[in-house]
Amino acid sequence: MSDLEAPLRPKRKKVWVDYFVQFRWIIVIFVVLPISFTIYFLTYLGDVKSEMKSFKKRQKEHEENVKKVVKRLKERNPRKDGLVCTARKPWIAVGMRNVDYKRARHFEVDLSEFRHILDIDKNQMIAKVEPLVNMGQITRATVPMNLALAVVAELDDLTVGGLINGYGIEGSSHIYGLFSDTVVSYEIVLSDGQVVRATKDNEYKDLFYAIPWSQGTLGLLVSAEIRLIPIKEYMKLTYKPVVGNLKDLAQAYADSFTPRDGDQDNPEKVPDFVEGMIYTPTEGVMMTGRYASKEEAKTRGNVINSVGWWFKPWFYQHAQTALKRGEFTEYIPTREYYHRHTRCLYWEGKLILPFADQFWFRCLFGWLMPPKVSLLKATQGEAIRNYYHEMHIIQDMLVPLYKVGDALEWVHCEMEVYPLWLCPHRLYKLPFKTMVYPEPGFEHHHRQGDTHHAQMYTDVGVYYAPGPVLRGEVFDGAAAVQKMEQWLIENHGFQPQYAVSELSEKNFWRMFDAELYEYCRRKYKAVGTFMSVYYKSKKGRKTEKEVQEAEQAIVEPAYGEVDQPMD
């Protein structure tokens, strides 16, 4: 057996859950889609109502809501009440991770009113927004002004708070870094009710660098100022097919946006957007985009493709046509390009509704898509949830660019998931060593894509049912994720914690750096008020004993003792 051949696996006997999942589309069509559409419409009306208010009025309402949060925190009795977390229901979160910490005793703080754009400053090129503002809402407000956030995550429902406290990326991250790298300031309510503004150069600069990836365990984020960039009306997108082995595909992907001469900061040599899709072990399509004016797009002979219409082919399938058509270029309206993966949830929509990509369905019912992820989660019981954890993969592997080929081969051998998503991002060398950080000494190796101030990483998105599951073979999803996590630890990679994690606490702190985070936990008195980031990310239900231990925690060096490497 060659290195790239997946192991032979025995056939798996079907159980009742298999049949329920197979016919789950009935519930999705008749229950989830109509309710999702209604929620989307009502949310849109709420956004319109908010936009009708002046920025001054929105700011005044914001200040009143912050006072309510402060008052609520001061009502907490540390001896009787549980750890602080938001009042949002567990199933509402977009991430796949079980929000099981909310099933144990806890003290709720309602942040549901923090969903407004507070200001768009065209002079300073900064948008001030509340944490529940989502990507669809912000692009609807900024794109008509020819402005956008420097990093716009693809799915409409992803919120600013989730992208900051957790993880956010987009095809422009090879220029601007992760979503949190584009934030100018955070407004945080600390455990004692104090409201602070943290920036990279004020007295709270340590907190500023500790907030990303902390999952809201240092304080409550109530607003953020985020960098804006000028944009144009269209995205000129070029689709380039690539054929070869996985290492060849990885190299073609790197070559699509990293000049061989190392001139990575030259906008003439580096595209505005980059994305790669690996469809099979031997085929992929690399896409590069540049902003284009309306006049250029409408020049005679150019092709305009409005991919946002409900009846249009799903974007990943449209891109796949390059494998037969050959290289081609088209112009996509900028906002529609930003949200190109929303309607089909990348390619997860194919599993949820197997026929939803067909022409007849797109024309008749495509306007109802996509189903809200929160409702999909709300309509699955414990057995279904466990089934998806075992038989389905939704993970992101953040790896150095030069190791993308190795990561692709590893995924093929251990999971056999296709398509795979490739999205580059910079990992900056910062004044503080944050939870995620570049490889020590990376700047001395002068590898492709790296600069003296940032190492180029790539998100290898693994979203779909593994090959063995599709073939009806035995597959241990938990074991596969454990192996993936160990591979990431050994290769200085990272696993975003929106996904299901199998990490033990010791391995968690082998993957992430604890020093700044734990320092800020102590300094800003988060210990005993907010749960630790590992506790919040930990798989499984939290017991009353764990709640009490977390409340009375005496923090020890989280990285002092490590597990032995797994076999």
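Leaving aside neighbours within four places in sequence, Thr 288 is in contact (heavy atoms within 4.5 Å) with Lys 236, Leu 237, Thr 238, Ser 256, Pro 271 and Phe 273. Thr 288 belongs to strand S11, residues 283-292; helices (H or I, at least four residues) and strands (E, at least two) are DSSP runs, numbered from the N terminus. Thr 288 and Thr 238 are 50 residues apart along the chain, and their C-alpha atoms are separated by 5.4 Å. The model is predicted: local features need pLDDT of at least 70 and side-chain atom pairs count only at pLDDT 80 or more, while totals for chains, interfaces and linings use all residues. Residues are numbered from 1 along each chain as its sequence is written, and side-chain values use heavy atoms, with hydrogens and water left out.

Strand S11 is also among the elements that cover the buried residues of helix H8. Buried means under 20% relative accessible area, exposed over 50%, and partly exposed in between (1.4 Å probe, protein chains only). In H8 (residues 246-255), the buried residues are Leu 246, Leu 249, Ala 250, Tyr 253 and Ala 254. Seen down the helix axis, these residues fall within an arc of 135° and so line one face of H8; the arc is that of the directions from the helix axis to the C-beta atoms. Their cover also includes strands S9 (234-243) and S10 (273-280) and helix H17 (404-414).

The structure holds 23 salt bridges, each a side-chain nitrogen of Lys or Arg within 4 Å of a carboxyl oxygen of Asp or Glu. Glu 414 forms one with Lys 483, the closest N and O atoms being 3.6 Å apart. Because Glu 414 lies in H17 and Lys 483 in helix H19 (residues 477-490), this pair ties together parts that are 69 residues apart in sequence. Glu 414 is partly exposed, at 23% relative accessible area, and Lys 483 is partly exposed at 41%. A salt bridge also joins the side chains of Asp 357 and Lys 350 (2.9 Å, N to O). Asp 357 is buried, with a relative accessible area of 8%, whereas Lys 350 is partly exposed at 23%. Glu 154, Glu 170, Glu 275 and Arg 340 are linked in a network of salt bridges.

In helix H1 (residues 16-22) lies Asp 18, which counts as buried at 7% relative accessibility. Not counting residues up to four places away in sequence, Asp 18 touches Arg 12, Lys 13 and Tyr 387.
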